[in-house]
Amino acid sequence: MENAKLLREHDPKMFLKGSDFEEYKGMIQNSDKQRKLASRILMYGLLHHLWPGQFSQKSFSKTAYSKPIIEGLKGISISHSGDFSVIAVSVDDEIGLDIQHHKRIAVEDMVSVLSNEEKKSFTYL
């Protein structure tokens with residue numbers, strides 16, 4: 001589904017509860033909102049497909065470190081970056097995944113965040 005249509009055609013309150021919804025409301029960029037909503041739609045779709053009727057939004061929570069928890073699953077991991085969202089679930093083991101959109105970054109653009117020691121390792125800066 002086209003990302004822009006995702007926000008228009010799905011009520012975020014149907015898929016985001018509690019702190020997830022508050023985080024969503026605080027997001028400034030529509031692209032961040034789209035990724036957040038897409039990952040939750042994907043998660044509930046996957047859970048419904050694998051275990052129809054066994055999981056609801058009420059069974060979703062997070063640890064103090066924002067790791068998702070769903071009662072009845074040993075592990076769930078959600079990651080989104082760029083135009084991609086991925087979900088992995090396990091009934092037997094804890095799991096984790098991370099995706100990152102890679103783009104070229106000019107070293108000159110990073111100068112402001114490098115320490116003096118790091119800058120010394122780049123002779124052309």
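Visitor: Which strands form a hairpin here, and how many residues lie between them?
Guide: Strand 3 and strand 4 form a hairpin with 2 residues between them, and G82 in the turn has a positive phi of about 60 degrees; helices (H or I, at least four residues) and strands (E, at least two) are DSSP runs, numbered from the N terminus. This is a predicted model, in which local features need pLDDT of at least 70, side-chain atom pairs count only at pLDDT 80 or more, and totals for chains, interfaces and linings use all residues. Residues are numbered from 1 along each chain as its sequence is written, and side-chain values use heavy atoms, with hydrogens and water left out.

Visitor: In what sense do strand 3 and strand 4 pair?
Guide: They pair in the antiparallel sense over 7 bridges, where pairing requires that DSSP finds at least two bridges between two strands, and S79 has V86 in strand 4 as its bridge partner.

Visitor: New topic: what do the side chains of K62 and D20 form?
Guide: They meet in a salt bridge at 2.7 Å, N to O, meaning a side-chain nitrogen of Lys or Arg within 4 Å of a carboxyl oxygen of Asp or Glu. K62 lies in strand 1 (residues 60–62) and D20 in helix 3 (residues 18–26), so the pair ties together parts that are 42 residues apart in sequence.

Visitor: And is D20 buried or exposed?
Guide: D20 counts as buried because its relative accessibility is 2%, with buried meaning under 20% relative accessible area, exposed over 50%, and partly exposed in between (1.4 Å probe, protein chains only). K62, at 24%, counts as partly exposed.
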